[in-house]
Each structure stands twice: as C-alpha cells, then as structure tokens.
Amino acid sequence: MKRVLSLILAAGLALSLSACGDVLVDLDTPKSSELSAQYDFYPDSMNTIRADMQITPEQADDVFIALVSCGLDGKISTVSETDGVYKVRWGTNTLEVMMNDDGTISEISDGKDVLYPEYKQYNFLLDCDVKTSDVKSGSGDAIGQRAFVSVLKSQLAELTAENFAEFAETVVKDSGYNYFTIKCDDGTGIVFDGSDVTIPVYGTLDDDGRVTDTAGFITRGVDGSYTYEQAD
C-alpha cells in the first residue's frame, strides 16, 4: 500500500511539473560538480537552458560555459526562440544564441556584435548612408563628384582595423569618386583621395571634406591590413 501511495505521489509531482512547464534535469554531468561550486546560478540556469533549448544536459553545460564567457553572471530568467535564434535573458541583459543541428553552439551575439566563438565587432560603417556632391572647378563647373559618410568621433575611435579595411575594400575602392571622406563630428576625418585605398589621410577637414591640416597617414600593407603613422 505504501509503495502504491508513493507511486501516486511521484506521478502527481511529475504532472504538476509538466503543467507548469518545468522539467527535471539530471545535473549529474561530468562538469556539473565544478560548475555548481563556481556558480550558484548554475543549476537553475542549466535547467532552463536544457528545457527550453531541448538539448542534452552535457550540451546545456557547454552552452552555460559559453554564456559565462560572454558575460552571464546571474540566473537565467527566460530562453525564447524565434527563427532559430534563442534569446537568453537574465536581469536586464540579453544574448542571442544560434545553435547547430547537432546541438553545438554556432555563435553567441550581443546585438550585432559576435562574442563567440571569437569576437567580431559589427562594422557600423557599412550601415552609414553614402552622400555625394559635385566637385567644382574654380569657375564653378562640375568636374566630378565626392562622397562622404558622417560618424561620431567616438565611433571611429572604437573601429577595428579589420572593419576599416572592410569598408575601404567594399565601399571606397573603385567607387569612382574624386575623393571619399569619413567625416567626424569634431571637424576631423579620413580622406581617400581619388578613391585610392592604399594611403588615406587623417586630419582636420574643410567645408568640402578635404584635409587641410594633416595629422597622420593610414597605410595599407601588402597583406591588406592598415597601420597609422603620425605626420611630422
């Protein structure tokens, strides 16, 4: 009789958990003891990952470890999925996780920046509107066109060399403009003369987007990377 009663209670507990969307997860994985000792939010977070992403406990451990490396520092509150992208939320924070078909992580991102498996800053320059205007001779005749994009100096300061090279190669190179300017809000900027991407110049700009006071040169190497050299 006692055994029958215990089975009934166990079944009732399982139904109760199922009704409220919870899932009992086996935390006895090769990494669970170490992770439980390091992170007090591990058990609950791992349980949410396992249930909502429908992966194995071992795969959930790997997701948890990757999320921690990307800034997870508290109990995960929700995991929601839209078009194959899982939004992981804790506190006021959100990360997006993309998974492979085999249950391994494809990438983790924060907005447009990829954080995992390796950091890749989103290239905001590619989103900038390219504006154009006529280049005129001394007599006022149009002799070509110039192009420019406008950015904050703080944005330019955080731009990676890789993103700068990508912008130069995909937007500026062979664009056909007399010159191409990246204009900053403080009156400085970078100018590609003749849309030549090999040695753009940085300095103070005039009203036409040309450098009047050169501060430095940004030289492209044979490998396509750029280095900055201050002007004398």
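Predicted model: local features only at pLDDT ≥ 70, side-chain atom pairs only at ≥ 80, totals over all residues.
**Exercise 1.** Determine which residues of α4 are buried and which elements are included in what covers them.

*Solution.* 
- Step 1. Helix α4 runs over residues 57–69, 13 residues in all, and its first and last C-alpha atoms are 18 Å apart, close to the 18 Å expected at 1.5 Å a residue.
- Step 2. With buried taken as under 20% relative accessible area, the buried residues of α4 are P57, A60, D61, V63, F64, A66, L67 and V68.
- Step 3. The cover over these buried residues includes the helices α2 (32–38) and α3 (42–53), together with the strands β2 (85–90), β3 (93–99), β4 (105–110) and β5 (113–116).
- Step 4. Just after α4, G71 takes a positive phi of about 120°.

**Exercise 2.** Find the residues with the most contacts inside the largest nonpolar core, and the element that gives the largest share of that core.

*Solution.* 
- Step 1. The largest nonpolar core has 25 residues, and I49, M53, L67 and V97 have the most contacts inside it.
- Step 2. Two or more residues of this core come from each of α3, α4, β2, β3 and β4.
- Step 3. Helix α4 supplies the largest share, six residues.
- Step 4. Setting aside residues up to four places away in sequence, L67 touches I49, L72, I76, V88, L95, V97 and I108.
- Step 5. Another core, of 22 residues, lies apart from this one, and C128, L156, C184 and F192 are among its members.

**Exercise 3.** Give the strand order of the open sheet of seven strands, and explain why one side of each edge strand is left without a neighbour.

*Solution.* 
- Step 1. The order is β6-β7-β8-β9-β10-β11-β12, with mixed pairing.
- Step 2. The edges are β6 (131–136) and β12 (226–230); each has a single partner strand, so one side of each lacks a neighbour in the sheet.
- Step 3. On average, neighbouring strands of this sheet are turned by 30° against each other, direction ignored.
- Step 4. Strands β8 (residues 179–184) and β9 (residues 188–193) run antiparallel and are joined by five bridges; Y179 stands opposite D193 in β9.
- Step 5. Helix α6 (residues 161–172) packs on the sheet, where it touches β7 (142–151), β8, β9, β11 (211–220) and β12, and its direction makes about 140° with that of β8.

**Exercise 4.** Decide whether T204 is buried, partly exposed or exposed, and list what it touches.

*Solution.* 
- Step 1. T204 is found in strand β10 (residues 201–205).
- Step 2. The relative accessible area of T204 is 35%. Buried requires under 20% and exposed requires over 50%, so T204 is partly exposed.
- Step 3. Beyond residues up to four places away in sequence, T204 touches G187, T188, R210, V211, T212 and D213.
- Step 4. T204 and T214 are 10 residues apart in sequence, and their C-alpha atoms are 6.6 Å apart in space.

**Exercise 5.** Characterise the chain by its numbers of helices and strands and its share of buried residues.

*Solution.* 
- Step 1. The chain has six helices and 12 strands.
- Step 2. Of its 232 residues, 34% are buried.
- Step 3. The accessible surface comes to about 13,800 Å², and carbon and sulfur atoms hold 50% of it.

Notes:
Residues numbered from 1 in each chain as written. Heavy atoms only, no water. Helix = DSSP H or I, 4+ residues; strand = E, 2+ residues; numbered from the N terminus. Expected span 1.5 Å × (residues − 1). Buried < 20%, exposed > 50% of the residue type's maximum accessible area, 1.4 Å probe, protein only. Contact = heavy atoms within 4.5 Å. Core = buried A, V, L, I, M, F, W, Y, C linked by side-chain atoms within 4.5 Å. Areas by Shrake-Rupley, 256 points an atom, 1.4 Å probe, with all protein chains shown as cover. Pairing = 2+ DSSP bridges. Axes fitted to C-alpha atoms, helices over the stretch in contact; angles between N-to-C directions.
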